[in-house]
Amino acid sequence: MTGSATGGQSPSATIQSVNLTVDGKLREYRVFRPPALDSTKPVALVVVLHGAGFDGAGFETVTQFDDEATRDGFVAAYPTGCRQIWQYAGGGSKLPDLHFINKLLDRVETDFRIDPARIFVIGFSAGAFMSYRLACDLSSRITGIVSVGGSMFADECRPARPVSILEMHGTDDSLVPWQGSATTNPVDTVIQRWRALDGCVGGPILSQNGITKTSLWGHCAAGTTVRLDAVVGGHHSWFGAVPGEPNANAVIWSFLSKLPPNR
């Protein structure tokens, strides 16, 4: 751990690597609390899910999402999948990863002053698949998710309450194809599904910023939003490294920060 504070303004960032025993297995996550966060006020929590082959800490070096947490004032947690994969995202049993994320949320809410109505999950690739599964099965705790380069398997999803969704996807993604695959739904089908799950009515608001074409459904149950950002010509990556791409970090927090609390 680097830095700590008991109240008021923290003079330095808090970075912890935390071990949890879940279902008899040792699990790990990294958590970051920005240096200037006011510990007297509840703040948002963003859980960041890595793609296959990463761990939580390593994925932060790719996304540099700590910088976004510092700039906008929230806590970020980076869990690590078993053997750097998400068993649930890969079509395996839901229970190990579901129990892990549940216990992570319990622990972070104990260690930091988190607003339970502003808990978000974002993920890339396999982590994005996992974020959709958590939206299905942990909707009672999650306000919104962001999937970057993800999709859903053709299985059941019955969230207990509406969850806001943002899918950022490259139209030339060869690993998780826009048009879907033998095991995953096409991007348009995923969005259509969540529009139904969230009770959205009416057509989308369409806009374009550079190579990003956005479709936004804002008339959904409980104030939720479903949004699709099609990055034209984009590939399977965390967007922002290639000139002309959207800055994934900025887009993600801009979307999440505007969502109404899930109460």
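How many residues does helix 4 have, and how far does helix 4 reach from its first C-alpha to its last?

Analyst: The model is a predicted one. In it, helix 4 covers residues 126–137, which amounts to twelve residues. From the first C-alpha to the last, helix 4 reaches 17 Å, close to the 16 Å expected at 1.5 Å a residue.

The surroundings of this helix come next. Eleven of the twelve residues of helix 4 are buried, so the helix is largely enclosed by the rest of the structure. The buried residues are Ala126, Gly127, Ala128, Phe129, Met130, Ser131, Tyr132, Arg133, Leu134, Ala135 and Cys136. They pack against both strands and helices: the strands are strand 3 (43–49), strand 5 (114–124), strand 6 (144–148) and strand 7 (164–170), and the helices are helix 3 (95–111) and helix 5 (187–197).

Two packed helices are described by the angle between their axes and the distance between the axes. For helix 3 and helix 4, the angle is about 75° and the axes lie 11 Å apart. Because angles of 65 to 115 degrees count as roughly perpendicular, helix 3 is roughly perpendicular to helix 4. Helix 3 contributes Asp97, Leu98 and Ile101 to the contact, while helix 4 contributes Met130, Leu134 and Asp137. By class, the residues of this contact comprise four nonpolar, two charged and no polar.

Trp238 and Phe129 are separated by 109 residues in sequence and by 14 Å in space, C-alpha to C-alpha. Trp238 is located in the loop between strand 10 (226–231) and helix 6. With a relative accessible area of 10%, Trp238 is buried, since buried means under 20%. Neighbours within four places in sequence set aside, the contacts of Trp238 are Phe59, Thr63, Ile122, Gly123, Phe124, Val148, Ala248, Asn249 and Ile252.

Helix 6 (residues 248–257) in turn meets helix 2 (residues 65–72): their axes come within 10 Å and cross at roughly 45°. That angle makes helix 2 oblique to helix 6. The crossing of helix 2 past helix 6 is right-handed. On the side of helix 2 the contact is formed by Phe65, Glu68 and Asp72, and on the side of helix 6 by Asn249, Ala250, Ile252 and Trp253. The residues of this contact divide into four nonpolar, one polar and two charged.

Definitions and conventions: Residues numbered from 1 in each chain as written. Predicted model: local features only at pLDDT ≥ 70, side-chain atom pairs only at ≥ 80, totals over all residues. Heavy atoms only, no water. Helix = DSSP H or I, 4+ residues; strand = E, 2+ residues; numbered from the N terminus. Expected span 1.5 Å × (residues − 1). Buried < 20%, exposed > 50% of the residue type's maximum accessible area, 1.4 Å probe, protein only. Contact = heavy atoms within 4.5 Å. Axes fitted to C-alpha atoms, helices over the stretch in contact; angles between N-to-C directions. Parallel < 35°, antiparallel > 145°, perpendicular 65-115°, else oblique. Nonpolar A, V, L, I, M, F, W, Y, C, P; charged D, E, K, R; others polar. Left-handed = near helix turned anticlockwise from the far one by under 90°.
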